[in-house]
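Here is a short briefing on selected local features of one chain. Please keep the sequence and the 3D view at hand.

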Amino acid sequence: MQNYLLALSAGDVLTVFNSLFFVLGGVTVFMIGMNMMGHNIEKAAGKSIRRLMGKATANRFAGVGTGAAVTALVNSSSATTVMIVGFVNVGLMTLTQAASVIMGANIGTTVSAFIMALSTADGAQLSIAGLFALISFVGLILTIACKSEKLKQLGCILEGVGLIFIGLNVMSRAVGDLVDSENIGGSIENLFKSLGNGRGTLTWEVIVLFILGALLTAVMQSSGALTAIVISLASSGLISLQMAMCIILGTNVGTCFTSVLSSMGASANAKRAAAIHLLFNVAGSVAFMFPVAFAGKYIANFFDSFIADTEWQIALFHMAFNLITTALLLPFIKYLVKLSCLIVRDKPCACDGEREYLDPRLLKAPAIAVAQVRKQLVKMGEEAFSNYKLSLDMLLSGDTSKKTEFERTEQGLDALNKRIVNYLIQLSLQEVSESDEKKISSFFRVSSDLERIGDYAENIMEYAEKAEELKLAFSEHAKAEILEMDLHITNLFGHVNNVFRYSDLSSMPQVEEEENETDRMNRVMQRSHLKRMNEGACSPETGAIFLQLAVNMERIGDHMHNIADSVLSYGHSAVSVNK
């Protein structure tokens with residue numbers, strides 16, 4: 001290498017650095033375009049992605065198709081595998097399902113290689129990259145001029161697609177300038193030839209290029225970016241198909257670094273999902289290294305027989321590699337899962353309880369993260385209601401022996417509320433759809449309402465302790481009124497839970513009816529108390545607890561009503577449900 005560099009003049013060295021800067025700039029523009037397109041497609045198709053992930057539970061073939069489709073949408077296998085690790089960590093997906101989706105993700109990422117190959121195709125008058133540069137400008141106009149969120153998202157997607165092609169074009173032209181230079185082109189060509197002639201059998205060079213591909217992908221955390229550089233080099237004739245195949249095999253191993261990194265600190269099953277990804281890609285890459293090393297010229301001749309451009313040959317090889325590897329390993333998913341269980345043993349993780357549902361990895365899929373927050377709020381609501389029922393039971397029975405259980409649940413509610421709020425803050429910083437943005441905003445209020453219900457239950461618990469201490473008891477008539485109020489609160493909770501859990505506004509009339517009943521019962525209890533006091537049938541201490549209880553129960557109903565009202569901004573009516 002030193003001899004090649006010494007052969008260059010000072011002017012040639014400056015040309016090399018200038019072209020290198022443009023290559024790095026092209027990579028930057030390319031990755032910005034990839035992220036912009038992927039994020040906005042994910043944002044626009046969040047519900048579709050969630051439905052696709054749901055279909056992964058059907059069978060292993062559905063899992064492969066789901067992984068391929070989602071990765072093609074978000075344009076990143078790393079993003080998909082990180083999401084899968086998150087799904088496994090929160091229990092949304094089993095290891096067997098995750099394995100098939102990971103295999104599909106590897107197939108979906110091959111779409112990027114075809115996009116890159118397309119960028120090198122030039123027409124007689126106008127290049128493909130030029131057309132997509134125009135598309136990028138159209139996207140800019142849409143984002144500036146349109147008020148509709150969907151049109152703005154479409155504009156951002158078009159901008160991203162255009163930037164991908166512009167970045168690839170910049171890289172290709174920079175590499176082309178080096179090749180066109182007489183001194184530089186010859187020196188670089190000789191340098192690459194020193195790694196192998198590209199048509200014969202490679203020995204140590206296979207390992208060098210493989211490791212280079214793996215390391216660069218791990219550092220860049222993007223197999224697409226390195227594939228783009230490889231295709232740019234190939235389109236300029238600097239590297240052969242066989243050399244490119246070695247690097248591509250390395251990128252498939254290097255891309256596992258992101259999922260392995262994301263699994264750190266997660267549950268054992270999440271680590272196993274990352275291990276399956278690594279095992280799958282390593283097994284496929286190692287298996288393909290032998291035919292590439294010892295039969296590379298025959299593979300190259302096979303591709304030459306029906307397509308001349310090396311960049312298209314690379315894209316086809318990339319797809320063939322992932323399709324064949326998936327076809328070979330798909331029947332052995334159960335064994336991959338068992339092997340991952342042997343590699344990652346079950347160990348208690350202190351953070352498992354905290355990350356059981358609100359996994360930071362799911363922030364990469366905001367629509368799914370929003371659904372997870374809803375599940376946690378439903379869980380929080382059930383626990384708050386359970387504590388209310390427990391406190392009321394202790395008050396009416398005069399037995400506070402379950403106080404420890406109550407306090408444990410109350411502490412759990414406070415901790416869960418903090419985790420939900422912190423997670424919502426992180427989620428609100430992501431790029432989310434307008435509908436999900438409304439949900440996130442409403443979830444803050446719902447969490448606060450549920451926490452207040454827990455506080456009122458705590459008040460009732462204190463009344464129970466006071467009643468037990470003073471040996472107070474309610475009259476049968478007072479108990480009947482309390483139980484009637486409790487019946488309306490219980491019915492109200494059931495309707496509110498239905499509205500919030502399913503975003504279904506069809507139960508809102510029942511919510512309004514039961515909430516009005518709690519208001520009415522509060523007034524009835526107030527009047528009945530005054531009547532009993534006048535008749536001397538109630539002690540002042542018992543009467544004070546009774547009045548405070550009526551107010552607290554009525555306010556619990558108010559907060560439940562607030563939760564149902566929060567759905568009005570994004571929920572659907574009974575008509576839309578029936579459809």
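Proline 360 sits in the loop that links α17 (333–343) and α18 (366–397). The model is predicted.

**Proline 360**
- Proline 360 has a relative accessible area of 36%. That value lies between 20% and 50%, so the residue counts as partly exposed.
- Methionine 83 is 277 residues away along the chain.

**Positive phi outside glycine**
- Lysine 471 has a phi near 55°, a positive value in a residue other than glycine.
- Lysine 471 belongs to the loop between α20 (434–470) and α21 (476–502).
- Lysine 471 is exposed, because its relative accessibility is 73% and the cut-off is over 50%.
- Serine 503 also has a positive phi, near 50°, and is a residue other than glycine.
- Serine 503 is placed in the loop between α21 and α22 (508–535).
- Serine 503 is buried: its relative accessible area is 8%, and the limit is under 20%.

**Nonpolar surface patch**
- Phe257, Val260, Leu261, Met264, Leu278, Val282, Val286, Phe290 and Phe294 make a nonpolar surface patch of about 790 Å².
- Two or more residues each come from α14 (256–262) and α15 (268–304).
- The largest share, five residues, is from α15.
- Valine 260 is part of helix α14. Its relative accessible area is 30%, which makes valine 260 partly exposed.

Terms used. Residues numbered from 1 in each chain as written. Predicted model: local features only at pLDDT ≥ 70, side-chain atom pairs only at ≥ 80, totals over all residues. Heavy atoms only, no water. Patch = residues over 30% accessible without salt bridge, like charges linked within 9 Å, V, L, I, M, F, W, Y side chains within 5 Å. Areas by Shrake-Rupley, 256 points an atom, 1.4 Å probe, with all protein chains shown as cover. Salt bridge = Lys/Arg side-chain N within 4 Å of Asp/Glu carboxyl O. Helix = DSSP H or I, 4+ residues; strand = E, 2+ residues; numbered from the N terminus. Buried < 20%, exposed > 50% of the residue type's maximum accessible area, 1.4 Å probe, protein only.
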